[in-house]
Amino acid sequence: MPDDTISPELITDKLPTRFVGQRVLYYPSVTSTMDVAREEARGKAPEGTVVIAGEQSAGKGRIKRVWLSPKGSIALSIILYPDVKSLSYLVMLASLAVVHAIEELTRLKLGIKWPNDVLINKRKVCGILVESDVRQGKVNYAIIGIGINVNNRMVDCPDLTPIATSLRDETGKEISRVKLVRQLLVEMEKFYLTLPEGEQIYNKWRHRLVTLGKRVRVQSGQTALDGITESVDEDGALLLRHSDGRITRIIAGDVNLRDY
Ligand code: BTN
């Protein structure tokens, strides 16, 4: 069984990146790594600083949801200072980096559910939250928050078993979280450095989406929209075709697949 201890030293030791993960702040327990990362970013922390927690007591999900971070999972936030043109690609590159990192360490097949849930066998293994502070067209900071169910077991959260899974549940084995975090940081930087050509990231992300060409119901705010997912725009918006042929462009929402 691999040793599953997490420490900043184990993560940064000879980490083959230029800046992502070269500074790691570890908190055994914290409200949310997003809160710490935000304070750090406001204090001009070096780009690529990672805040990682053993446990979060108030983890945040997309659309103001709560995110549970049980022991054995990964909860981390990465601070970046991209230019404004690159912002919409962060969601894409983060989900791609997670997919590549998990595929490097396991034989699992992963897919992305729009916009950035990472799925295995139709169940969510990772959630991603991107927060940014943009003023007068300038990005002050962006934070990518990533939560991965790794060695936690979903039987311990019975309400979530129909929709969520963990790497341990899928492989039957424990996985070293340090190895996974290191691989994730390498993949994050690799994609981040290709950002001037964001189109490449967009194309890779689009090909990994399991939600295209499917009959879905999209919950966007208070509105539920039915249709077929026609495509995604380069800014990440989902294009939903309704039965009367109209197309709605959806920027934020939750896709429920009906027949995949
Ligand atoms: C979602 O799918 O709703 C996004 C979940 C994002 C969870 C991660 S865990 C690390 C970081 N800290 C948080 O409070 N949230 C993100």
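**View 1. Val 232 faces Leu 238 of strand E10 across a strand pair.** The model is predicted, so features described locally need a pLDDT of at least 70 and side-chain atom pairs are counted only at pLDDT 80 or more, whereas totals for chains, interfaces and linings use all residues. Residues are numbered from 1 along each chain as its sequence is written, and side-chain values use heavy atoms, with hydrogens and water left out. Strand E9 (residues 223-232) and strand E10 (residues 238-241) run antiparallel and are joined by 4 bridges; strands here are DSSP runs of E with at least two residues, numbered from the N terminus, as are helices (H or I, at least four residues), and two strands count as paired if DSSP finds at least two bridges between them. Elsewhere along this pair, Thr 229 has Leu 240 in E10 as its bridge partner, and Ile 228 stands opposite Arg 241 in E10. The hairpin of E9 and E10 has 5 residues between the strands, among them Gly 236 with a positive phi near 95 degrees.

**View 2. Five strands form an open antiparallel sheet.** The order of the strands is E11-E10-E9-E8-E12, with strand E11 (247-250) and strand E12 (254-257) at the edges, each pairing on one side only. From one strand to the next the twist averages 45 degrees, where axes are lines fitted to C-alpha atoms (for helices, over the stretch in contact) and angles run from 0 to 180 degrees between N-to-C directions.

View 3. Strand E8 (residues 215-220) runs antiparallel to E9 and is joined to E9 by 6 bridges, with Gln 219 opposite Ala 224 in E9.

**View 4. The ligand is surrounded by 20 residues.** The closest are Ser 32, Gln 56, Lys 60, Arg 62 and Lys 124, where a residue is near the ligand if one of its heavy atoms lies within 4 Å of it. Among the polar contacts (pairs of N or O atoms within 3.5 Å; within protein, one must be able to donate a hydrogen and the other to accept it, and residues adjacent in sequence count only if both atoms are side-chain atoms), a ligand nitrogen is 3.0 Å from an N or O atom in the side chain of Thr 33. A backbone N or O atom of Lys 60 lies 2.6 Å from a ligand oxygen, and a polar backbone atom of Arg 62 is 2.6 Å from an oxygen atom of the ligand. Taken alone, the ligand exposes 410 Å², of which the protein buries 99%; accessible areas come from the Shrake-Rupley method with a 1.4 Å probe, and for residues only the protein chains shown count as cover.

**View 5. Ser 77 lies in strand E3 (residues 74-80).** Ser 77 counts as buried because its relative accessibility is 0%, the classes being buried under 20% relative accessible area, exposed over 50% and partly exposed in between (1.4 Å probe, protein chains only). The Ser 77 side chain reaches the backbone nitrogen of Met 34 at 3.5 Å. Leaving aside neighbours within four places in sequence, the contacts of Ser 77 include Thr 33, Met 34, Thr 49, Val 50 and Ile 143, contact meaning heavy atoms within 4.5 Å.
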